[in-house]
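Here are some notes to read alongside the model. Keep the structure open and check each point as you go.

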Amino acid sequence: MLNVNDPAVVGQFGEQLLEGRRLGKRLSKRHALMLRQGCDRITWLSSDTVTGVQIVVQAHIEGDWTVLTVAGELDVVGAPKLRQAVMDAVKDGRHCLVLDLSGVDFIDSFGIGVIVGALKRVRLLDGDLRVMVPEPRVRRVLEVCDLDRVFILHRSLADALETI
């Protein structure tokens, strides 16, 4: 267990809480409990920074293809849910996937890692992955990472399904 009283462990957010405690400011019950019990840095950071963040992944079948529609933020919190949806689809024998990212308004390296991991997973099983990204900000992130060279980024679901 890491020492949460050490500013090097808890980072800037933790330092602010610890400084507030030194100045006599009251902590929330959740933060006070974490300071008493101790926790690792990830638990500390995620407990305050990701409250209320939701991601929804829904699957439906379009011919031979499984469309995974994602809505929310595809980040450190949301990426595991998409990864699980991909793994469930592959486990059920569906190796041709379309990721519909039309409802994604934010993506970070965790989300990118899940998309690349999904591509590797389905290609190992002679499947394929198509990505539909109409949102310009999300599309730009994928283009900056040169992922548009790895797979075609489609602007609509109809376009992704037509080229299949």
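1. Overall burial. Of the 164 residues of the protein, 39% count as buried. Keep in mind that this is a predicted model. The protein exposes about 9400 Å². Carbon and sulfur atoms supply 52% of that area.

2. Order of elements. There are 7 helices and 5 strands. Starting at the N terminus, they run α-α-α-β-β-α-β-α-β-α-β-α. Now look at contacts between residues at least 6 apart in sequence: 61% of them join residues at least 24 apart.

3. β1 (55–62) and β2 (65–74) form a hairpin, with 2 residues between them. Their pairing is antiparallel and covers 8 bridges. Find H60 and look across: V67 in β2 stands opposite. In the turn, G63 has a positive phi of about 65°.

4. From β2 to β3. These two strands run parallel, joined by 8 bridges. Is β2 mostly covered or mostly open? It is mostly covered: 7 of its 10 residues are buried.

5. The core. How many residues does the largest nonpolar core have? It has 30. L74, L82, L101, I115 and L129 have the most contacts inside it. Several elements each supply at least two residues of this core, including β1, β2, α4 and α6.

6. Select I115. Leaving out residues up to four places away in sequence, I115 touches L74, L99, L101, I107, L129, V131, L142 and F151. L74 and L101, like I115, are listed with those that have the most contacts inside the core.

7. An α-helix has 3.6 residues a turn, so residues three or four places apart point the same way.

8. Just after α6 comes D146, with a positive phi of about 60°.

Terms used:
Residues numbered from 1 in each chain as written. Predicted model: local features only at pLDDT ≥ 70, side-chain atom pairs only at ≥ 80, totals over all residues. Heavy atoms only, no water. Helix = DSSP H or I, 4+ residues; strand = E, 2+ residues; numbered from the N terminus. Core = buried A, V, L, I, M, F, W, Y, C linked by side-chain atoms within 4.5 Å. Buried < 20%, exposed > 50% of the residue type's maximum accessible area, 1.4 Å probe, protein only. Contact = heavy atoms within 4.5 Å. Areas by Shrake-Rupley, 256 points an atom, 1.4 Å probe, with all protein chains shown as cover. Pairing = 2+ DSSP bridges.
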